Amino acid sequence: MLRNLEHFQVMSNILAYLKAENLEELKLTTQSEAFEKALKTYDDVLVLERGNALSEKINQADLDRDLALRSLLSAVKNYVSFPNAEKAAAANQLLRQIEKYGKRIDKLPYLQESGVLNNLLQDLEIKENTDYLKLLHLEDWVSILKEAAGRFNELFQNRESDNSTKLSGQVKEARQAIQAEFEQLTTVLNAYEIVYGTTLYGTLIAKINEAVEYAQTQTTRRNSRTKTESPTE
């Protein structure tokens, strides 16, 4: 039930515990090498997945829409103290429309920001708000924001359809492989402990058990928190 990066971290910790031991003495050299190889593959595909999600084009499109939003917001704020009462009132109304979604929309996660901008742009198309925008000559900034937001959404959706399924499959396969190596390792450790005694293997087994128990505790806490935050019927 761990997220991929959490699972990877647990497996990385276990590899570190292994490499800190005298593997020849423990007769675990072969298991350690296989485990390390599978973990390296897991690491590679996770890097690809993360790199793909944060590709240069996606990042640039996000920066473009953030800049457009900040520029629009800055222009609106400049008019709040404008000496013309009608324009100042219009700016105040527009500022309320924008800030009802929060004061740092540009810092939201990708998809959350996309949803907020979609709603905001719909609000700005209401006649009353379009009148305010025309009065302050801000229609161009709204058009720029709309175009930038649309470009980001298109790039993100294309990235998802083109690569996410393939990468997701690669990550799943790599995760299953390292999980299989982990289960093989624990089987060998348990057998060796019985044959050769706790003195040799007890410390390593205790460290691995502690890592697994900590991961299970984190998952249980997150699941409990999710259930608590879910609305009741």
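Good morning. Helices here are DSSP runs of H or I with at least four residues, and strands are runs of E with at least two, numbered from the N terminus. On that basis, the protein before you, which is a predicted model, has nine helices and zero strands. Read from the N terminus, the order of elements is α-α-α-α-α-α-α-α-α.

Let me give two overall figures. The protein has 233 residues, of which 36% count as buried. Among contacts with a separation of 6 or more, 74% join residues 24 or more positions apart.

I begin with the first helix. H1 covers residues 4–19, which makes 16 residues. From its first C-alpha to its last, H1 reaches 22 Å, close to the 22 Å expected at 1.5 Å a residue. Which residues of H1 are buried? They are His7, Phe8, Val10, Met11, Ser12, Ile14, Leu15 and Leu18.

Gln31 is buried, at a relative accessible area of 17%. Setting aside residues up to four places away in sequence, Gln31 touches Leu185 and Val188. Between the C-alpha atoms of Gln31 and Val188 there are 8.6 Å, although 157 residues separate the pair along the chain.

The remainder of this talk concerns helix H4, and two of its packing partners. The partner I take up now is helix H5, residues 85–99. How do H4 and H5 cross? Their axes come within 7 Å, at an angle of roughly 140 degrees. Since angles over 145 degrees would count as roughly antiparallel, H4 and H5 are therefore oblique to each other. Their crossing is left-handed. On the H4 side, the contact is made by Leu72, Leu73, Val76, Lys77, Tyr79 and Val80. H5 supplies Lys87, Ala88, Ala91, Asn92, Leu94, Leu95, Ile98 and Glu99. By class, the contact of H4 with H5 holds 10 nonpolar residues, one polar residue and three charged residues.

The other partner is helix H6. The axes of H4, residues 56–80, and H6, residues 110–124, come within 12 Å and cross at roughly 40 degrees. That angle makes H4 oblique to H6. The crossing of H4 and H6 is left-handed. From H4, the residues in contact are Ile58, Asn59, Asp62, Arg65, Asp66, Leu69 and Leu72. From H6, they are Tyr110, Glu113, Ser114, Leu117, Leu120 and Leu124. Sorted by class, the contact of H4 with H6 has seven nonpolar, two polar and four charged residues.

I close with one residue from that contact. Ser114 is buried, with a relative accessible area of 12%. Thank you.

Key
Residues are numbered from 1 along each chain as its sequence is written. This is a predicted model: local features need pLDDT of at least 70, side-chain atom pairs count only at pLDDT 80 or more; totals for chains, interfaces and linings use all residues. Side-chain values use heavy atoms; hydrogens and water are left out. The expected span of a helix is 1.5 Å times one less than its number of residues. Buried means under 20% relative accessible area, exposed over 50%, partly exposed in between (1.4 Å probe, protein chains only). Axes are lines fitted to C-alpha atoms, for helices over the stretch in contact, and angles run from 0 to 180 degrees between N-to-C directions. Angles under 35 degrees count as roughly parallel, over 145 as roughly antiparallel, 65 to 115 as roughly perpendicular and the rest as oblique. A crossing is left-handed if the near helix is turned anticlockwise from the far one by less than a right angle, and right-handed if clockwise. Contact means heavy atoms within 4.5 Å. Ala, Val, Leu, Ile, Met, Phe, Trp, Tyr, Cys and Pro count as nonpolar, Asp, Glu, Lys and Arg as charged, and the others, Gly among them, as polar.
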